[in-house]
Each structure stands twice: as C-alpha cells, then as structure tokens.
Amino acid sequence: MTRFIASISLLCILAGQAYAGSDAATLFQEHCSSCHAPTRLGGTGPALIPESLGKLKGNTLESVITNGRPATQMPAFGDTLSKGDISALASYVTTPLAFEPSWTADDITSTRTLDTSYKPAERPVFSGDPMNITLVVETGDHHVSVLDGDNFSILDRFATPFAVHGGPKFSPDGRYVFIMSRDGWVQKYDIWSLKEVGRIRAGLNSRNIAMSHDGQWLAVANYLPDTLTIISTRDLSVIKVIDVKGKDGTPSRVSAVYQAPDRKSFVLALKDAPEIWEVATSPDAGPYHDGFVHSFESGMEESLAAERGLFARRRIMISAPLDDFFFTPGYRNLIGSNRAGDKGVVVNLDVGREIAELPLPGMPHLGSGITWESQGRHVMATPHLKEGILSVIDIDNWTLIKTIKMDGPGFFLRSHESSPYVWADVFFGPHKDEMHIIDKQSLEIVKTLNPAPGKTVAHTEFTRDGRYALVSVWEDDGAVIVYDAKTLEEVKRLPMRKPAGKYNVWNKITFSDGTSH
Ligand code: DHE
C-alpha cells in the first residue's frame with residue numbers, strides 16, 4: 001500500500017515537471033490560439049507577445065486570464081483552468097517568440113478588408129462644422145467617439161482595433177482619419193459619412209503613423225518586424241515595405257515616424273542605430289532638395305528612384321540613437337531625447353547634424369512639446385515623465401529659460417493660438433488628478449484644476465476656435481470634461497470609457513502651434 005502511494009506521488013511529481021516544461025504551449029494551443037493565433041501574433045484577439053503586452057505581466061495578466069475582459073470577446077478562464085495553468089499561461093505569453101516573424105507585403109495585403117457596404121457621402125451627413133469635429137479615443141472598450149465640437153453631441157461611436165496608440169492622422173482636407181493599434185492595424189474612417197472604410201494590418205507590433213504632405217501616403221512605424229510600411233490612403237493598398245537597417249547593416253526597430261509636411265518627407269527615429277532617416281514623400285522633397293537630393297539613397301528600385309525620388313531615403317548620422325522628437329515650426333530642427341533620458345539633442349535637418357544639447361533630466365517627453373511666443377521669444381515647453389517639472393526652452397538660441405515646478409511628472413501639454421494658457425497634466429503620482437494652467441507670458445502656474453479627485457485627469461484638446469478645452473478623466477468610468485477655456489469653468493461632462501487622446505480636425509490639419517504633431 002505504502003509503495004502504491006509512493007508511486008502515485010512519483011507519477012504526480014513527474015507529471016508536474018513535464019507540465020511545467022512544455023504544457024504551457026499545449027494549453028495555449030488548446031485555449032487561446034483560436035483567437036490569438038497559433039503563432040501568438042494575434043487574430044480576432046490581440047497578439048500575445050512581450051512587445052504587445054507591454055506593462056501587462058504577472059498578477060495583472062493572470063487576473064485578465066482568470067476574469068476575462070468586460071465588453072470584449074475575452075472569456076474568463078477562472079472556472080475552467082487551475083491557478084497553476086493560469087500562471088503557466090501568463091508566463092508563456094510574456095516569453096519572447098523563439099523565431100523572428102516575417103510580415104511581408106503579401107502578408108499585409110492578405111489582411112486588407114474594405115467595407116463593401118461603404119458608400120462615400122457627397123456631403124457631411126450631419127449639420128455641424130466638419131472642421132470642428134473632435135475624435136475621442138476611448139481605450140476602455142476600444143472605441144472612438146465622434147464629437148460635434150459646436151454642441152458636444154456624439155455623432156457616432158465606432159469600434160477600433162484593440163489598443164489604439166498615438167494620434168490618429170487626418171487627410172489634409174479633414175475628411176478621412178486613420179487610426180493605428182499597437183498590433184499594427186490601421187483603420188480608415190470617413191468622417192463625412194460616419195462610416196468605416198476598411199482596415200489592414202501593416203505591422204505585427206507598431207508604434208505610430210504619419211500622413212504625407214499631400215495626403216497620398218501613410219507611413220507605419222514598426223517594432224516587429226524592423227520595417228516601415230507605406231500604404232496608399234486611397235484604398236489602403238501596400239505600396240512598399242522598407243527594411244530598416246543601420247548603415248552597418250544592423251536591423252533597427254522604428255521608434256516613431258513623423259510627418260514633416262514643409263519638407264515633404266517622413267522623419268524616422270531609429271531605436272537600434274545612431275541614425276535619423278528622412279524619407280521623401282515627393283520627388284522634390286524639402287528645402288534641402290537642391291543640396292541634398294543626391295545624397296538620398298534609393299528607397300525603391302534604382303530606376304524609379306532615380307527618375308522620381310519618391311520614398312528615397314536620406315540617413316542623418318548622429319552620435320547615439322534618439323527618439324521622441326519635437327520639431328520646430330518649419331521643420332528645420334528637431335529635438336530628440338537620448339537613451340539615458342537626461343538631455344535633449346538638437347539636430348538641424350537641413351545640414352544633417354547635431355547642433356546643440358540641452359540639459360533635460362528626468363526623461364523629457366519631447367513628443368508632447370508645444371510652441372508659442374512668450375514676451376517676444378519663440379519658446380517650446382516639454383513635460384518630463386520622471387520628474388515633476390516643465391522645461392521651457394528658447395528655440396532661437398537653444399537655452400533653457402525656465403523650469404516650472406509641477407505637482408508631479410506630466411504626459412501631455414496643449415494650448416491654442418487664441419488661449420493665454422498652456423494646459424499641463426500631472427499624470428503620475430499622488431497628484432495625478434490635477435491639471436495645471438500656466439500663463440504663456442509669465443510662465444507661472446495660475447490655477448490648478450482638480451475636477452475628479454483621486455482619478456487620473458489628463459490630455460487636453462481645444463475646439464477649432466479655442467473657446468472650449470476638453471479634458472479626459474482617464475478612467476474606465478471616466479468622462480470628457482468641457483471647460484470654458486477663458487473662465488476655466490466646467491461647462492459639461494460627457495461620460496466615456498477611459499478616454500485618452502482627443503483630436504480636433506482643424507487644429508490637427510492646420511498643425512496648430514498648440515498641439516503636438
Ligand atoms: Fe504614447 C503618442 C510613444 C506610452 C498615450 N506615444 C505617442 C507618440 C509616440 C509615443 C512616439 C507619437 C505618436 C503620434 O501621435 O504620431 N508612448 C510612447 C512610448 O514610447 C511610451 C512611453 C511607452 C510605450 O508603451 O510605447 C508610450 N502612450 C503611452 C502610454 O502609456 C499612454 C499614456 C497610454 C496608451 O494608450 O498607451 C500613451 N501616446 C499616447 C497618446 C498619444 C501618444 C494619447 C497621442 C498624443 C497626442 O495628443 O497626439
């Protein structure tokens with residue numbers, strides 16, 4: 001009898017060992033692969049790879065598997081799987097893939113769907129000003145609300161791909177908008193018709209998108225694979241997939257792609273190579289055209305590149321990788337943040353080299369930088385993700401003119417040409433419920449709003465005329481609060497599901513100084 005029990009225990013121990021090894025993969029195939037794909041690269045559900053899961057790890061991930069996600073297709077496995085199974089699955093999906101996935105132009109094309117019921121309207125199907133529409137990205141349940149900026153009614157609320165990130169990009173006429181998810185899906189939506197046009201998966205893990213100066217091309221910056229995908233805005237067809245490799249041949253992820261309309265180019269931040277790339281969106285790209293067009297390397301087949309120069313690429317060599325770019329008006333200079341997050345490096349794009357450095361400790365979030373005139377000076381300001389300060393820089397002589405002390409580190413800044421104030425959120429720490437209002441001339445905080453105590457309050461966007469400022473209560477049972485931008489009084493509160501970024505058509509297509517681009 002004793003021997004019998006001992007052999008059962010031994011069997012259990014052996015089974016346990018075998019289970020801990022390979023069975024997480026079997027469990028995944030059995031319970032997860034139908035939605036998330038056998039490769040873990042995503043299907044109807046998002047990709048389950050470290051690049052996509054980001055901060056979702058350990059207990060949080062186990063809790064999602066146990067309880068599911070409300071208002072999504074993700075079921076709760078708490079009743080069907082043991083705790084051991086669930087933690088094995090959680091650690092399996094956070095393990096890097098054993099292979100480097102490829103995602104070719106053909107793969108991308110095979111995901112493209114155009115809505116067959118879509119018919120473009122001849123004029124807007126609503127009566128409000130189409131230039132004063134504001135889109136609200138609701139990350140709580142992966143939707144976008146289309147807000148009429150005249151009366152704040154919701155004209156439509158449509159489903160987006162899972163986990164939208166970065167600013168949606170509008171066509172130059174403001175009619176269409178393109179929205180990207182971290183899993184690389186790009187969705188096209190017609191604002192006049194209030195209808196989705198189609199979608200395509202341009203990358204497996206993507207960072208953001210940029211629109212060409214003429215509205216013809218959309219560039220998608222990818223982390224997985226190491227590529228830049230260019231698609232046609234007209235029908236979402238794939239035009240080109242550019243392999244991103246440093247001069248020495250090292251593949252590089254693309255941290256972000258930026259639209260530089262004045263230069264007729266896209267500007268790329270490379271994560272793994274000490275280079276900035278500029279990709280021409282026109283044969284006569286940029287003010288550097290005469291002097292530099294010959295230094296462009298072929299971005300297409302030699303003959304076509306020589307003939308047209310479209311998508312030709314220029315490498316700007318820098319001393320170390322930079323990301324999170326702020327561009328000066330006119331797009332002659334950019335400021336990038338170094339890897340250590342303690343300085344800003346100014347690169348002049350015309351001459352193609354570093355021209356200044358700025359002491360910016362505490363990880364400046366330069367992509368949120370905005371510009372304005374303060375007492376006769378052209379200034380820009382940036383929040384810092386790891387320090388409760390706002391740095392104000394004179395962009396004519398590259399000096400730090402003021403450090404404004406905030407109640408905690410911030411994420412986003414916004415203003416409007418007609419507003420005397422800059423709105424700066426405190427995104428992290430015990431004061432995450434505050435929004436500082438800063439006078440553009442005195443550079444002092446003149447008021448701190450606290451509209452939802454204990455909740456994260458962040459990201460501001462203005463209406464077209466700058467009369468109202470819209471602020472997110474960034475919680476699942478959150479809201480967009482409409483403020484009178486002059487009196488700073490609350491006018492209205494619209495319930496929303498974890499509203500994140502908000503984007504006004506006019507402010508975006510005119511590249512208003514008050515918004516980050
Ligand atoms: Fe973002 C914009 C990178 C984390 C919400 N974020 C951007 C852009 C870049 C970027 C390059 C500019 C894209 C554009 O608009 O074209 N973000 C990064 C990061 O590297 C970082 C720190 C880490 C990461 O996970 O990628 C990061 N970002 C976040 C978040 O945690 C936020 C708060 C929540 C989320 O949804 O992931 C977040 N990022 C945003 C938003 C914008 C954005 C709302 C657009 C701001 C705008 O007003 O245009």
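Is F152 buried or exposed in this predicted model? Select F152 to begin: with a relative accessibility of 7%, this residue counts as buried, and the next selection, Y468, counts as buried too, at 16% relative accessibility.

Aromatic pairs number 17 in the structure. In the pair formed by F152 and Y468, the ring centres lie 5.4 Å apart and the planes stand at 90°, so the arrangement is edge-to-face. Because F152 sits in the loop between β3 (143-148) and β4 while Y468 belongs to strand β30 (residues 468-473), this pair ties together parts that are 316 residues apart in sequence.

Move on to F412 and W474, whose ring centres are 5.9 Å apart with planes at 15°, so this pair is stacked. F412 lies in the loop between β24 (399-405) and β25 (413-414), and W474 in the loop between β30 and β31 (478-484), so that the pair links distant parts of the chain, 62 residues apart. Both F412 and W474 are buried.

Next, look at two arginines over rings. R201 lies over the face of W103, 5.8 Å from the ring centre, and R207 lies over the face of Y223, at 4.6 Å from the ring centre.

Finish at T104, in the loop between α5 (83-93) and α6 (105-110), which counts as partly exposed at 37% relative accessibility. From T104 to K240 the C-alpha to C-alpha distance is 9.7 Å, although they are 136 residues apart in sequence.

Conventions
Residues numbered from 1 in each chain as written. Predicted model: local features only at pLDDT ≥ 70, side-chain atom pairs only at ≥ 80, totals over all residues. Heavy atoms only, no water. Helix = DSSP H or I, 4+ residues; strand = E, 2+ residues; numbered from the N terminus. Buried < 20%, exposed > 50% of the residue type's maximum accessible area, 1.4 Å probe, protein only. Phe/Tyr/Trp six-rings, centres within 6.5 Å; stacked < 30°, edge-to-face > 60°. Lys NZ or Arg CZ within 6 Å of the ring centre and 35° of its normal.
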